[in-house]
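Dear colleague,

I am passing on a structure for you to look through, and below it I have set out what turned up. Please keep it open while you read, so that you can follow each part in turn.

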Amino acid sequence: MAVYRHHQQMFVLWLLIVKSLGGAVDDAHQQHVVERWVSCIGAIVQRHADIVRHELNAYTLSDSMAGSWFRDDLFDRLLPLVTGAAHRDNSNGGSFFTFNLARYERTVDYNQNNLVLVLMDDLQQFAAHLPALVAKNVEQRGYFLLLVVPTLGSVTEQAQIADLFRRLWDVRIHNVVLAIGYRDKDLIDLHVYDPYGPGCCECSRPKVLAQCRDGQLLNGTAPLYDRFERNLYGCQLRVACFERAPFMRFVNGGSPNNTTASSTQLSHQRLAGIEGNLVELLARHLNFRVTVVQPTDGKLWGRIYHNGSANGALGLLLGDAVHMTVGGYFPYPMLLATTTQSRNYYMTDLVLAVPEALETVSPLEQLLKPFQLTIWLVVALELVLGFAALRPYAVSLNFWRAFIGESLPGPATPRRTQTRFVLVLWIIHCTLLRECYKGSLVGYLTEATPLNDIHSLAVLLQAGYRFAMTETIYHKVFDESQYQLGEDRVRLFKPADGAALLEQTIRTGERVALAYTREEIIKFNERNRSDLNYRTSDEKLLTFHFAMYFKRSSPIAGAFDWYIRRVQATGFISRWHHENLDLRFERPTLAHNGQAEVLQVHHLLGSYLLLLAGLTIATLIFTLELLCAQRKRTQSVARNRYPYVHELTYRRIVLHGTTQPQ
């Protein structure tokens, strides 16, 4: 019995020894796995410390005991390692890492450039966790490192990886590295996905970009994050836009080849304008094809409403009908929260444009303009006094003839000395007055043509102009303005009707001030270079930027933004502005330029008409005088038809008288 008990104790002791040795082996293996993961993660963090240098958010999705132990061991070794790297970086000007061990959706604040470490047992755990992650990460611009440490020796199925990457692409999370470890191998595969590649357009194709073996990162210097290639491999991008000179024009545009309920796709040879040229330039450098999709719902840019609905180009963007849209938008909360904007490539001012109008001057004002009112009153008084003092009609007519044309017929010369003296003085006075008037008239005709004052909004309001603008501009300008416009002073129009309204206003000559950009008014004025079209006010209503708009956190937004910055640095925008906008048509040629204008026939037309009227009146007066003189002469001749009859009669009487006595 004692021997049996002795053998039983020895067996139990042996089991304890074997178990302890097995636990030691498991612990050693566990420590080896942890060290392997810590070294790999540390290498990834240190290599990308320039972009991931603010916050590390690390947590696990596993609720098992083994997962918790692995998480604790991993974090216990990883945090000091990264902290040491941070201290070393800080000595060279780097910054410290901050750590957050809470689950990502439970964090209060986060940085868009943080690195999120998610530890899990399998991909199903992350698939269930993805909706909470998307709801928290509004921008989807963080950097994610997914750590999958399977408890079994099986390899994760490639179909699951591909399905996960497709889901990540759908929610626009693209800076993701999926690290998969194997229990029976000292190897960690780092999986990524490329949405674009040869023969792959938005296919979210997974691939093994690098590996960690024995804690060493084996991909050389290739980056794991911000890898989006600036080459779209000839893929087709749909752009929501519309023709709007001079910003976007369709050159040699083809006919619509596909019409749907919401859009019209156009095939074209090339785009023009500042936006069209920029899109074509990016298409060449990023290697993609452009398809233009025009809104057909009566809206152009469109708007995003609080209930999430949208119309116009923005409706096409949010409805996944296009990849991006271009144009100038006024920022508002829903636009900023729903889209990602590129760097603005052009900035313009919204001003008031009015039909070109000269100051209203009546024909009488044109006649009286060279002299002041006082001089004309004195002249009129002199004429009245002269006509009243000199009663004979011939003297009065001579006064008028001397005033308009320096013609004074000899037969009409006054016979009285007093009248003659007054007439001579009047002739001298009229000569001097006429020469002064000629000099003043030349100066008046050669000065710059006066234009209506439209330099500010207040002046336009005081002048009685009506205002035409879109509803959006009206609310942004006048809702909080000191100027309140009545319904009779405002005309609201849709953006698509702006060009037709410009044409209509020119034809009708209506006194309307239209809210438009300077560039559009300049292009409109270039259509007819001989006629006066529109002038722009000096007051700026609004200033807005032109940019490209993508769906929230679109992966291609970064590549476009990268190229737009470089295009701006080359002076492309300034060159376009210089070559395509003729600033001579910003203000009409009749505006004052500081130089006297050479007199032409049309400038002196009023003077010629005045001269013609005066000569006509003088001719009429001269004709009347001739007729009157002829009538008097005829009557005199009729009375003395035979001037020597009386002499003959006298002689006959004398002769008869002489002979009779004989």
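A residue is called buried when its relative accessible area is under 20%, and exposed when that area is over 50%. Please bear in mind that this is a predicted model.

With that wording in hand, helix H15, which covers residues 518-525, can be described as mostly covered, since seven of its eight residues are buried. The buried residues in H15 are Arg518, Glu519, Glu520, Ile521, Ile522, Phe524 and Asn525. Their cover includes strand E15 (346-355), helix H14 (498-508), strand E18 (512-517) and strand E19 (534-551).

Elsewhere, Leu620 belongs to helix H18, which runs over residues 605-639. Leu620 has a relative accessible area of 53%, and because the cut-off for exposed is over 50%, this residue counts as exposed. Together with Leu624 and Leu627, Leu620 makes a nonpolar surface patch of about 300 Å². In general, residues three or four places apart in an α-helix point the same way, because there are 3.6 residues a turn.

There is also an open sheet of eight strands, in the order E2-E1-E3-E4-E5-E6-E7-E8, with mixed pairing. Its edge strands, E2 (98-100) and E8 (216-217), each pair on one side only. Strand E1 (residues 55-60) pairs with E2 in the parallel sense over three bridges, and Leu56 stands opposite Phe99 in E2. Helix H3 (residues 123-136) packs on this sheet, where it touches E1, E3, E4 and E5, and its direction makes about 140° with that of E3.

Best wishes

Conventions:
Residues numbered from 1 in each chain as written. Predicted model: local features only at pLDDT ≥ 70, side-chain atom pairs only at ≥ 80, totals over all residues. Heavy atoms only, no water. Patch = residues over 30% accessible without salt bridge, like charges linked within 9 Å, V, L, I, M, F, W, Y side chains within 5 Å. Areas by Shrake-Rupley, 256 points an atom, 1.4 Å probe, with all protein chains shown as cover. Salt bridge = Lys/Arg side-chain N within 4 Å of Asp/Glu carboxyl O. Helix = DSSP H or I, 4+ residues; strand = E, 2+ residues; numbered from the N terminus. Buried < 20%, exposed > 50% of the residue type's maximum accessible area, 1.4 Å probe, protein only. Pairing = 2+ DSSP bridges. Contact = heavy atoms within 4.5 Å. Axes fitted to C-alpha atoms, helices over the stretch in contact; angles between N-to-C directions.
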